[in-house]
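Hello,

Here is the structure I promised to pass on to you. My notes on what turned up in it follow below.

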Amino acid sequence: METNSRVEKLFEQYADMVYRTALSYGKDPHLAEDVVQEVFLRLIKKNPQFESPAHEKAWLIRVAVNRCKSLLVSGWRKRMRPLDEAPEHAIPFEREEEHQMYEMLLQLPPKYRIVLYLRYYEQYQVKEIAGLLHLTPNAVSARLSRAKKMMKLELTEDFQRKEMCHENI
Amino acid sequence: MKTYKTMYSQIYLEDGKKQEILQTLLQQEAAPENPRQRKSPLKKEEPFNRNSIGMPAYIAIFFCLILLPGATIFAMGNPALAERISTAFESLFHTQQDLSDGQKEAYAQHSQELDQLLQTENGTLHLDSILYDERYLFLPFTMDSRIDSPLPYTPSLASDFDFYFADSQLPLSSVAAKDPLPQEDGHWLGSYLLTAEEEGFHEGDVICIRQKSQGEQNPQGELLAKVTLPPVPGSQDISFPAEQLKEAIGLQIDKITLSPLSLGINGISPAKDMRIFCNSYLELQDGTMVRPGLSGSGGAYDSSSFKSTDFSYHILWETPVELDQVKIIHLVTNVMNEDGTTGEDHEILLPARTE
């Protein structure tokens, strides 16, 4: 029962985080749901002991990212239609600008989305992200910088598109 | 960044899905002892640069399909069944399969007839046969054509079912659901292809087929069928120079298994590597090459040390292979980068001698 409590507790605490991590990387909600289940199944099976809650959280993120990579690069998804293929997931954001930002994020390559997510939502430091993703701190900084530039470019282009629309009207 | 944070705070697992997953996790945890883990223990956490290479002995066990409650089991080795499976494979790979007698025998050894009817919104789906080895479960099905629905297939059909192990509750990975094709007899022929990834299929595994969950009201759909599986005839462990391979490609391979249907490669890689073997192929005694029909990876989970990753890669051949005809395994490995690009292929030739 103790382990059950541990799993339940960790699931309650981190299921959404794992889901967001998987969605950040893979942008497919069905894949993200699968990843959540697999990450926690892995936790049950391996029952790893962690030095601290921070290490625990880092392990879950790491396994989630790794599982996403595995699924995304596998021949399955390249050559065959997934069983649960579904249309793009529509998240009912409260504000239009949040919806727009999400759409822009979806245009970024996964490696940029994930560093943005870990830095600006999960509040990890560059060095910590480097540890999580097996990158050098310089590589993480470079990705963050490029990701922000790309987002800025997207925002600028979006603004220009809207301006043109207004002019045409 | 405020918009970014508020945006992400609105992304979360729906309560129904959360409960469904939690229920699965608790069932898995509550299982007193997982016989699957007993048969196929997970590798211990070990540093990547370990000295000894674990090489578990493998004993190929000849078996038969034991029991399918509610379904009829027919005898093995049915030539018509081999033809039937062959037709289903043709529809899967879009290739013509002109099989030799030996290849037909390979299909026959790895397959069984079933007689399981599953009701779907689109009509009655008939699981009429099963093809399996340690890594793959192929379930061709037929559907009756319906006057009011010329093509009895919609995406909902593909997601009508959940497949999972009864004892561990582990879900099977759904590789593909093949669009049904019209047959001369008026039926439609389609198929499901499933894998157990690193877990593998073993004797006594009970595969459950359940109606897909319907949200919070019915987090677990109706149980439709159970298939009890035993392992595979004819799988062989392949000998290979582990230390030389590790030196050449920086990868610790623990096990290579070849069956008439597939190739499995298990090992440990540095965590930063995402290894693929999708271009690997077989060279037969007569010079014929057997290409992969599908390939995929599984079990690439980081260890808690963050330094290494267990990996399990499997390749389903486009046509069945007569093992005694395999001369060389061309193991082609590569590293997949995060942006989807790959490095240079590294090809290793392994004579197909067994342990």
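Chain B holds 7 helices and 18 strands; helices (H or I, at least four residues) and strands (E, at least two) are DSSP runs, numbered from the N terminus. Please keep in mind that this is a predicted model, where local features need pLDDT of at least 70, side-chain atom pairs count only at pLDDT 80 or more, and totals for chains, interfaces and linings use all residues. Residues are numbered from 1 along each chain as its sequence is written, while chains are lettered from A and ligands numbered from 1 in the order in which they are written.

Of the 355 residues in chain B, 45% are buried (20 or more other C-beta atoms within 10 Å of the residue's own, with C-beta atoms placed from the backbone). Taking contacts in chain B (C-beta atoms, placed from the backbone, within 7 Å) between residues at least 6 apart in sequence, 66% link residues at least 24 apart.

Now to the strands of chain B. An open sheet of 3 strands runs in the order β4-β7-β8 with antiparallel pairing (two strands pair if DSSP finds at least two bridges between them). Its edge strands, β4 (161–165) and β8 (223–229), each pair on one side only. Between β7 (residues 205–211) and β8(B) there are 6 bridges in the antiparallel sense, and B:Arg210 has B:Leu223 as its bridge partner in β8(B).

Elsewhere, strand β6 (residues 187–195) of chain B has 8 of its 9 residues buried, so the rest of the structure largely encloses it. Strand β3 (residues 136–144) of chain B runs antiparallel to β6(B), joined to it by 9 bridges, and B:Leu139 stands opposite B:Tyr192.

Leaving out residues up to four places away in sequence, A:Val39 touches A:Val18, A:Leu60, A:Val63, A:Ala64 and A:Arg67.

Finally, a helix pair across the two chains: α5 (residues 96–107) of chain A packs against α1 (residues 2–9) of chain B at about 85 degrees, with axes 9 Å apart (axes are lines fitted to C-alpha atoms over the stretch in contact, and angles run from 0 to 180 degrees between N-to-C directions). That makes α5(A) roughly perpendicular to α1(B) (65 to 115 degrees). Here A:Glu97, A:Glu98, A:Met101 and A:Tyr102 meet B:Thr3, B:Tyr4, B:Thr6 and B:Met7.

Best wishes

Note on methods. Buried ≥ 20, exposed ≤ 12 C-beta atoms within 10 Å, placed from the backbone. Contact = placed C-beta atoms within 7 Å. Parallel < 35°, antiparallel > 145°, perpendicular 65-115°, else oblique.
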